[in-house]
Amino acid sequence: MISGSTWIVWLHLLAAAMWLGGAMVTLGAILPVSGDEAGREAAKRALFLTSRAMEAAVVTGVLNVLLRVMASGAFSRGFIAMLSLKVGLVIVMAALQVWVGIAWKRPIVDVATAARRARVGLTVLLVLGAVVLLLGLGVRSV
């Protein structure tokens with residue numbers, strides 16, 4: 001039987017994969033063809049889905065930490081340092097996700113400007129996401 005904490009870890013990994021994978025799809029497949037209103041709507045829908053995946057990743061991440069506290073009772077200094085860095089980067093990533101969403105929802109901004117802002121935001125988000133994933137591996141081993 002699989003434990004509840006193992007399920008939460010897997011849900012966390014799935015949510016992170018959906019968040020970053022959705023950002024990659026948006027960056028590589030949706031934004032290049034977002035010149036018209038249909039492309040803009042597709043980008044908005046993709047952003048909605050990646051935002052829900054981000055929320056699920058944050059909630060399951062908090063649950064992972066709480067379960068680790070209940071299991072071990074104390075953290076090592078390395079764990080706290082890695083977790084602090086990871087949480088800080090996730091906050092920046094979440095801010096970028098919101099910033100990209102605002103770029104698409106503002107009716108004043110034309111599609112080309114919104115797409116350019118989204119490209120920059122999603123590129124930085126994906127780079128930070130790679131660092132966060134590596135830190136996640138480190139947190140699991142400490």
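The mean pLDDT of this protein is 89, and 98% of its residues score at least 70. The model is a predicted one. It holds four helices and zero strands, in the order α-α-α-α along the sequence. Along the principal axes, the C-alpha atoms fill a box of roughly 55 × 30 × 20 Å.

**Confidence**

- Among the helices, H1 has the highest confidence in the protein, with a mean of 93, and H4 has the lowest, with a mean of 89.

**Helix packing**

- H1 covers residues 4-30, H2 covers 37-72, H3 covers 77-105 and H4 covers 111-141.
- H1 and H2 pack with their axes 8 Å apart, at an angle of about 155°.
- Because angles over 145 degrees count as roughly antiparallel, H1 and H2 are roughly antiparallel to each other.
- The crossing of H1 with H2 is left-handed, and their contact comprises 18 nonpolar, nine polar and no charged residues.
- H1 also packs with H4, at an angle of about 155° and with the axes 9 Å apart.
- By the angle between them, H1 and H4 are therefore roughly antiparallel to each other.
- H1 passes H4 in a crossing that is left-handed.
- H3 and H4 have axes 9 Å apart and pack at an angle of about 165°.
- H3 and H4 are therefore roughly antiparallel to each other as well.
- The crossing of H3 and H4 is left-handed, and the contact between these helices has 25 nonpolar, five polar and two charged residues.

**Largest pocket**

- H1, H2, H3 and H4 each contribute at least two residues to the lining of the largest pocket.
- By class, that lining is made up of 19 nonpolar residues, four polar residues and three charged residues.

**Second largest pocket**

- The second largest pocket has about 170 Å³ of space.
- Residues lining the second largest pocket include Lys44, Leu47, Phe48, Ser51, Arg52, Met54 and Glu55.
- Also in the lining of this pocket are Gln97, Val98, Gly101, Ile102 and Lys105.
- At least two residues of this lining come from each of H2 and H3.
- H2 gives the most to the lining of the second largest pocket, supplying seven residues.
- By class, the second largest pocket is lined by five nonpolar, three polar and four charged residues.

**Cavity**

- The protein has one cavity of 30 Å³ or more.
- About 40 Å³ of space lies within the largest cavity.
- The residues that line the largest cavity are Gly22, Ala23, Thr26, Ala46, Leu47, Thr50, Val100 and Leu122.
- H1 and H2 are the elements that give two or more residues to the lining of the largest cavity.
- Five of the lining residues of the largest cavity are nonpolar, three are polar and none is charged.

**Linking the features**

- Leu47 lines the second largest pocket and also lines the largest cavity.
- H1 and H2, which pack at an angle of about 155°, each give two or more residues to the lining of the largest cavity.
- The contact of H1 with H2 has no charged residues, and the lining of the largest cavity has no charged residues.

How values were computed. Residues are numbered from 1 along each chain as its sequence is written. This is a predicted model: local features need pLDDT of at least 70, side-chain atom pairs count only at pLDDT 80 or more; totals for chains, interfaces and linings use all residues. Side-chain values use heavy atoms; hydrogens and water are left out. Ala, Val, Leu, Ile, Met, Phe, Trp, Tyr, Cys and Pro count as nonpolar, Asp, Glu, Lys and Arg as charged, and the others, Gly among them, as polar. On a 1 Å grid over the protein atoms alone, a cavity is a set of points where a 1.4 Å probe fits but cannot get out, and a pocket is an open set with protein on both sides within 12 Å along at least five of seven lines; lining residues have an atom within 4 Å of a point. Grid points are joined across faces, edges and corners, and a volume is the space filled by probe spheres set on the points. Axes are lines fitted to C-alpha atoms, for helices over the stretch in contact, and angles run from 0 to 180 degrees between N-to-C directions. Angles under 35 degrees count as roughly parallel, over 145 as roughly antiparallel, 65 to 115 as roughly perpendicular and the rest as oblique. A crossing is left-handed if the near helix is turned anticlockwise from the far one by less than a right angle, and right-handed if clockwise. pLDDT is the predictor's confidence in each residue, from 0 to 100.
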